[in-house]
Amino acid sequence: PNADMDCVLCLARNNEKFRVIHEDETVFVLVNNEPLKDGHVIILPTRHAEQLSDLTPTESKAFLQTLDKCMHAVARIFNETPMCLINGQQFRSEPHLHAHVLPSKHSIRGLYSAAEGLNYRVRASDESLKQLADTFKVNL
């Protein structure tokens with residue numbers, strides 16, 4: 001099956017034009033149809049792609065530039081600091097890569113600590129930081 005024809009987000013781009021904020025050959029932006037709050041938008045590559053690594057350099061650049069423009073717009077319109085999040089694939093309701101942007105009264109640290117019951121700020125040991133850095137170095 002053709003992902004573009006089966007993807008709810010690809011279909012929304014074509015069939016729900018009232019939600020489309022921006023659209024060009026590389027990227028489009030939709031008002032989220034299940035907004036967490038006013039100002040919740042999603043940025044997507046125009047070509048159906050499921051991961052950042054699927055994007056061409058041109059698409060990646062356009063995706064990040066449009067993301068930045070949306071964050072500035074959210075800040076201007078809602079007078080709150082914008083938050084950006086790209087869900088891991090297992091948390092997406094649709095397999096089309098997308099970044100969420102929405103106004104927030106909290107930092108990512110505040111949101112994670114509240115949502116997952118984590119300490120707000122605890123300095124990790126140098127050894128644990130080194131182990132984590134080493135793990136990433138061999139996996140990048």
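Q: What share of the contacts between residues at least 6 apart in sequence join residues at least 24 apart?
A: In this protein, 46% of them do, with contact meaning heavy atoms within 4.5 Å. This is a predicted model, where local features need pLDDT of at least 70 and side-chain atom pairs count only at pLDDT 80 or more, while totals for chains, interfaces and linings use all residues. Residues are numbered from 1 along each chain as its sequence is written, and side-chain values use heavy atoms, with hydrogens and water left out.

Q: OK, which elements does the protein have, and how do they run?
A: There are five helices and five strands, and from the N terminus on they go α-α-β-β-β-α-β-β-α-α. Helices (H or I, at least four residues) and strands (E, at least two) are DSSP runs, numbered from the N terminus.

Q: What's the strand order in the sheet?
A: β1-β2-β3-β5-β4, in an open sheet with antiparallel pairing. Two strands pair if DSSP finds at least two bridges between them.

Q: Why is one side of β1 and of β4 left without a neighbour in the sheet?
A: Because β1 and β4 (81–85) stand at the edges, each with a single partner strand. As for twist, it averages 20 degrees from one strand to the next; axes are lines fitted to C-alpha atoms, for helices over the stretch in contact, and angles run from 0 to 180 degrees between N-to-C directions.

Q: How many bridges join β3 to β5?
A: Three, between residues 41–45 of β3 and residues 99–104 of β5, and the two strands run antiparallel. Isoleucine 43 stands opposite alanine 99 in β5 there.

Q: And which strands does helix α3 lie across?
A: β1, β2 (27–31), β3, β4 and β5. Helix α3 covers residues 57–78 and runs at about 20 degrees to β5.

Q: Back to β1. What does valine 20 touch?
A: Arg13, Val29 and Leu30, not counting residues up to four places away in sequence. Valine 20 lies in β1 itself, which spans residues 20–23. Its C-alpha is 18 Å from that of histidine 72, 52 residues apart along the chain.

Q: What box do the C-alpha atoms fill?
A: Roughly 50 × 40 × 25 Å, taken along the principal axes.
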